[in-house]
Amino acid sequence: MTEHEEADAVTAGRNRRSGRRAKPASASSGPTSPGPTSAGPTSPGSRSATRDRRAGAPTGPRFAKPLNAGSILGWTLLSAILPGAAHLRAGQRRIGFAMLGAFAALLLTVLAIFLINRDQLGMFSRGSWLTTLITACVVGALIWFAITLTSFIALKPNKLDRTGQIVSGIAVGVLGVSLMTPFALAANKVKAGADLLDKVFPSAPEDPAAPIRQIKEEDPWDGKTRVNFLLVGGDGAGNREGIRTDSMNVASIDVRTGNTVLFSLPRNLQHVRFPPGTAMARQFPNGYMAELANGGLLNEVWKYANDNPQIVGGKGRGPRVLMDAIGYTLGLQIDYYALINMFGFAHLVDAIGGLKIKVERDVKWGGHYGTAGTIKAGYQKLTGEQALWYGRSRVESDDFSRMARQRCVIGAFAQQATPDKVLFNFEKIAGAAKRMAFTNIPRDLVEHVANLALKVKDARITSLQFVPPQFWPGSADWVKIRQASRKAIADSGRTKTRVANASASPSAPSGTASPSASRVRAAAPTQTPTRNTDKAQSLNELCGLE
């Protein structure tokens, strides 16, 4: 074969590979004479090679680097994080881009839902939302397992040797199951939350004769500008019978701003009165004096009412009677109560990782003589047991000092039980709460209470406790207590704080202060947290909270 024939054969082969027909010999411009300027068909400087490059003919086949078992697993893992990546690597661009687009749309949808409802996160406590979240977790687990499997198949692991196929197949199976685990954990947390809400919050009123109030979505508080919650710490453990309410605080919250006044009532407040016309008012016209040995203390009212249903008009009326007594004392309408067993409270503190508290001076704890240990003065991170005893200890102290510490514990918990801590420790919190919490907050109101709690976290909390020397629990001045309560609420309404979705009103300034203005940094601590005035004081300043 001559040199010209050999060149023509090579050119024809290239044309066939590129899908083009070879030109007939008669169409050529004529034979090319061999000479010293001809470099041959394979030379870069040859005229035929130059014509082929100008015509777009490939110079040879190009293939991606073959995948080994490690790279297949790597691309599969990347697809679990960024769906579609493996399909793009495998050359399936249409499927790959579709998966990436769907994933981006999902992320944007979730982000949009969060941003739109960031001030209404309580909606996720609805039964319908909880069911939707559980379903989404199950579906998400199945989808991600399918994504992992299809990504692995798209990378064609069958081209690996037998060992590579076995190893990569096992690894991808383990990966798929591992990716389903977070969805299962999330579903379990949501299920625990649903069980907690159904267990703690009643779906029907405690009093069967009471009408069922319909919760209005647009106005859950029935036109009220303030809602009052009685927060009770009950001591029903040990050798005691029934429940003694050793810690009683009323949180009066402005529903527009979240500004809160925390009223602390001493357990040894004597001879409290009851609203006129009630059964207890008829039984004790001169004030509560049932336990004459103890002088008729406030912390006995709940137990007395439960122990004497024939007097109060039915069983289980202890909470209602205590709400009436405290509300009448403060001149407020107590709307709801929540009781937490004080020993169970320790589990809640442990569940969020402890409480950081400014301890003014050493507090001995454990038993009657403080033999278990000492909580040292200074900033301390207390365990659940220590936080419990910090709020309960009377060693070298008194009831009033204990009350001051209790309100600091409440304030620290409200501030430090952030949503992320609650979320990551929800199962522990739910388990503890189901065993120790009782309330009359209806199930349908929970989402609105949660939204209100978010406002409170960004508002200023002030505190007023009714202790000596301004208030003497043994001979209480009821008029003075009510006057101080009204003034504390009025001052709270004038406090400049960050307002979330609040309409302008005389008690809620329309201006919005900076977020830093809503939290007052603690000044130098006072000599003792029991120091008190007849005015509400910032809980941050009193307790050294930051």
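A salt bridge is a side-chain nitrogen of Lys or Arg within 4 Å of a carboxyl oxygen of Asp or Glu. By that criterion, Asp 254 forms a salt bridge with Arg 226, the closest N and O atoms being 4.0 Å apart. The structure is a predicted model, in which local features need pLDDT of at least 70 and side-chain atom pairs count only at pLDDT 80 or more, while totals for chains, interfaces and linings use all residues. Residues are numbered from 1 along each chain as its sequence is written, and side-chain values use heavy atoms, with hydrogens and water left out.

**Overall make-up**

- The chain has 19 helices and 11 strands; helices (H or I, at least four residues) and strands (E, at least two) are DSSP runs, numbered from the N terminus.
- Of the 546 residues, 43% count as buried, where buried means under 20% relative accessible area, exposed over 50%, and partly exposed in between (1.4 Å probe, protein chains only).
- Among contacts (heavy atoms within 4.5 Å) between residues at least 6 apart in sequence, 69% join residues at least 24 apart.

**Confidence**

- The average pLDDT, the predictor's confidence in each residue from 0 to 100, is 77 for the chain, and 73% of the residues score at least 70.
- The pLDDT is below 50 over residues 59-63, a stretch with one contact in the model beyond near neighbours in sequence.
- Residues 496-530 also have a pLDDT below 50, and this stretch has 61 contacts beyond near neighbours in sequence.
- Where pLDDT is low, the predicted coordinates should not be read in detail.

**Salt bridges**

- The whole structure contains 11 salt bridges.
- Arg 126, Glu 217 and Glu 447 are linked in a network of salt bridges.
- Glu 447 is buried, with a relative accessible area of 8%, whereas Arg 126 is partly exposed at 28% and Glu 217 is partly exposed at 49%.
- Asp 254 and Arg 226 are both buried.

**Aromatic residues**

- There are 10 aromatic pairs in the whole structure; rings of Phe, Tyr and Trp (its six-membered ring) pair if their centres lie within 6.5 Å, and planes under 30 degrees apart count as stacked, over 60 as edge-to-face and the rest as tilted.
- Phe 274 and Tyr 288 have ring centres 6.5 Å apart and planes at 85°, so the pair is edge-to-face.
- Phe 274 is buried at 5% relative accessible area, and Tyr 288 is buried at 0%.
- Phe 284 and Tyr 304 also form an edge-to-face pair, 5.5 Å centre to centre with 65° between the planes.
- Phe 274, Phe 284, Tyr 288 and Tyr 304 form one aromatic cluster.

**Charges over rings**

- Arg 405 lies over the face of Tyr 390, at 5.7 Å from the ring centre; the criterion is NZ of Lys or CZ of Arg within 6 Å of the ring centre and within 35 degrees of the ring normal.
- The charged end of Lys 480 sits over the ring of Phe 471, 5.2 Å from its centre.
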